Amino acid sequence: MCESRPVNVAVIGLGLIGGSLLRALAAHGHHVTGYDLASSTRAEATAMARAAGAHHFADPSIRPVEIKGAWHVTDSVAEAVTDAEVVVLAVPLPAAPAVLADLSGFPGLITDVTSVKGPVRDLMGGLRYVGGHPMAGKESSSFLASDPHLFDECAWVLCLEPGGTGLADWVTLARLYTSIGARVVPATADEHDRAVARISHVPHLLAAALSNLIEDNPLAGTLAAGSFRDGTRVAATRPELIAAMCGGNADAVREAMELVLSDLSIFTESLDSVDELTGLLRRPGELRRGWPAAPGVPVEIGLDRESLLALGRAGGWVTRVGDTAIGMRPETDLKAS
């Protein structure tokens, strides 16, 4: 696939992520077909496709994006993937086996957007598969909450398994996702799962625990402001989605949770000493103020596993793919080298 050629993509599952991807791919000229198990969601996606086809721009009152290609919604997985070169599974982990049963014998490339990668990889058998996970989202999870700009400059992990992932397939998806404005981060499935346990899965559980603090305490609820809002935002996510992603990554979540509980225990023991507690809080403050790391200068990366994985492990990402990849390394990594 050349960098500019439209790709035939089927998106299975049209919630927030799948619906946003459907709309983003269409807005950037790719040929997209969608399917969702819920007939109401299919109806919503069909109605919006008709509306998009009737206007020059999607979301004209917010941020105009020319519609270079519309999308089509089908009534079955089999119909959706008929002409697809790439199939994107945008369903929760527990729903993946049923969809994969419908894809038995599919010769094209399969990827997904699931927030845990190891278990999905293990389901694929001999299928052509590249694990994917866009680090984007919000509390709402319906098609009507979808946004074609959701992936603008978002980090999109594409798994590159030594001895497993076809490099040409990885490059195909890297071209596709950079074409819609995402930053592609190379990583293995295990590296991804350990990382997201720390920065996504455990924070969801912490947000849930913090939310419990206002139960039966209306005064606390009235006084809650920015700290409580920011710390609990993701607790409003559908509990089924939180449980699926944390349970599907249980080992890594337990490991990260033990680190958090250890820190909380140390903070608790230091409450009677302001000086001691102040010292303990300095490093976390420095880490948060230093995040996200400032990008350095663009670098050219060879399209080989070792170079790409080294870029991801350094916190870097790919912004464009041609004969080589153009990437960015964090400013901190450049200084270290």
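**Aromatic cluster, nonpolar cores and a helix crossing**

In this predicted model, Trp156 has a relative accessible area of 0% and is therefore buried. Phe151 likewise counts as buried, because its relative accessibility is 1%, where the limit for burial is under 20%. A pair of aromatic rings is described by the distance of the centres and the angle of the planes. Two such pairs are present in the structure. In one of them, Phe151 and Trp156 adopt a tilted arrangement, with 5.0 Å from centre to centre and 55° between the planes. In the other, Trp156 and Tyr177 are stacked, with a centre-to-centre distance of 3.8 Å and an angle of 20° between the planes. The assignment as stacked follows because planes under 30 degrees apart fall into that class. The pair of Trp156 and Tyr177 connects distant parts of the chain: Trp156 belongs to strand S10 (residues 155-159) and Tyr177 to helix H6 (residues 167-178), 21 residues apart. Both residues of this pair, Trp156 and Tyr177, are buried. Through these ring pairs, Phe151, Trp156 and Tyr177 are linked into a cluster.

Apart from neighbours within four places in sequence, Tyr177 contacts Leu21, Val88, Thr111, Trp156, Leu158, Ala182 and Val184. In soluble globular proteins, nonpolar side chains tend to be buried together. The largest nonpolar core of the model comprises 47 residues, of which Trp156, Trp170 and Tyr177 touch the most other members. Helix H1 (residues 16-27) supplies the largest share of this core, namely seven residues.

Helix H7 (residues 189-211) packs with helix H11 (residues 250-269) at an angle of about 65°, and their axes are 8 Å apart. The two helices, H7 and H11, cross in a right-handed sense. On the side of H7, the contact is formed by Asp193, Arg194, Ala197, Arg198, His201, Val202, Leu205 and Leu206. Helix H11 contributes Ala252, Val253, Ala256, Met257, Leu259 and Val260. By residue class, the contact of H7 with H11 is made up of ten nonpolar residues, one polar residue and three charged residues.

Notes
Residues are numbered from 1 along each chain as its sequence is written. This is a predicted model: local features need pLDDT of at least 70, side-chain atom pairs count only at pLDDT 80 or more; totals for chains, interfaces and linings use all residues. Side-chain values use heavy atoms; hydrogens and water are left out. Rings of Phe, Tyr and Trp (its six-membered ring) pair if their centres lie within 6.5 Å; planes under 30 degrees apart count as stacked, over 60 as edge-to-face and the rest as tilted. Buried means under 20% relative accessible area, exposed over 50%, partly exposed in between (1.4 Å probe, protein chains only). Helices (H or I, at least four residues) and strands (E, at least two) are DSSP runs, numbered from the N terminus. Axes are lines fitted to C-alpha atoms, for helices over the stretch in contact, and angles run from 0 to 180 degrees between N-to-C directions. A crossing is left-handed if the near helix is turned anticlockwise from the far one by less than a right angle, and right-handed if clockwise. Contact means heavy atoms within 4.5 Å. Ala, Val, Leu, Ile, Met, Phe, Trp, Tyr, Cys and Pro count as nonpolar, Asp, Glu, Lys and Arg as charged, and the others, Gly among them, as polar. A nonpolar core is a set of buried Ala, Val, Leu, Ile, Met, Phe, Trp, Tyr and Cys residues joined through side-chain atoms within 4.5 Å.
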